[in-house]
Amino acid sequence: MEVKLKKTEPMQIATISHVGSYGEVGKLYQEIARWLRQKQLKIAGPPLGWFYDNPEKVPAHKLRSEVGVPFKGEVKPEGNIKIKKVPAQEVLYTIHKGPYREVGPAYAALFKHATEKGYIPLGCPLEIYLNDPNKVKESELLTEIQLSIKKK
């Protein structure tokens, strides 16, 4: 699995936090996109998410995640929708092809590469969904996984 380094652009993201099975978050993306359309804001990139717990070690009902959709424009948080600003940053990244539930090796490759190259991970990796599970086969799904880092 190929791991590369890049600098990201700053992003403004409408997010919803969730506790429960990671399989339940799909509907939250739809809720955020609907809210952004109602506010007449422009979606500025693919849906993404932070998944804070390892599902092999934490029971499904306790898994913590935050999912979101990048957008352009100005808006105030409302209800369960928050606004998160992510600055430009250096990240290691890789592309996982296949079912979302099989991303584990991509995470392992990122952390192994970080250790081998002398980087310190900063926070939780970010998953960016590059294609639509409603339009491609599960085996064709593309997920970019980014790990924010700094040099030791």
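**Close-up views of a predicted model**

**View 1. A114 in helix α2.** A114 lies in helix α2 (residues 104-116). Helices (H or I, at least four residues) and strands (E, at least two) are DSSP runs, numbered from the N terminus. This is a predicted model: local features need pLDDT of at least 70, side-chain atom pairs count only at pLDDT 80 or more, and totals for chains, interfaces and linings use all residues. Residues are numbered from 1 along each chain as its sequence is written, and side-chain values use heavy atoms, with hydrogens and water left out. A114 counts as buried because its relative accessibility is 0%. Buried means under 20% relative accessible area, exposed over 50%, partly exposed in between (1.4 Å probe, protein chains only). Leaving aside residues up to four places away in sequence, A114 touches L92, Y119 and L147. Contact here means heavy atoms within 4.5 Å. A114 and V3 are 111 residues apart in sequence, yet their C-alpha atoms are 9.3 Å apart in space.

**View 2. Strand β10 and its partners.** Seven of the ten residues of strand β10 (residues 142-151) are buried, so this strand is largely enclosed by the rest of the structure. Strands pair if DSSP finds at least two bridges between them. Strand β7 (residues 90-97) runs antiparallel to β10, joined by seven bridges. Here K97 stands opposite L142. Strand β9 (residues 126-129) is also antiparallel to β10, with four bridges. L126 faces Q146 in that pairing. Three bridges join β10 to strand β8 (residues 119-121), again antiparallel. Y119 has K151 as its bridge partner in β10.

**View 3. The largest pocket.** The volume of the largest pocket is about 1100 Å³. Its lining has 34 residues, and V25, F51, Y100, E127 and Y129 are the closest to its centre. On a 1 Å grid over the protein atoms alone, a pocket is an open set of points where a 1.4 Å probe fits, with protein on both sides within 12 Å along at least five of seven lines; lining residues have an atom within 4 Å of a point. Grid points are joined across faces, edges and corners, and a volume is the space filled by probe spheres set on the points. α1 (26-38) gives the largest share of the lining, four residues.

**View 4. The second largest pocket.** The second largest pocket has a volume of about 220 Å³. Of its 14 lining residues, E9, P10, M11, A44 and P70 are the closest to its centre. β5 (64-72) and β2 (11-19) each give two or more residues to this lining. The largest share, three residues, comes from β5.
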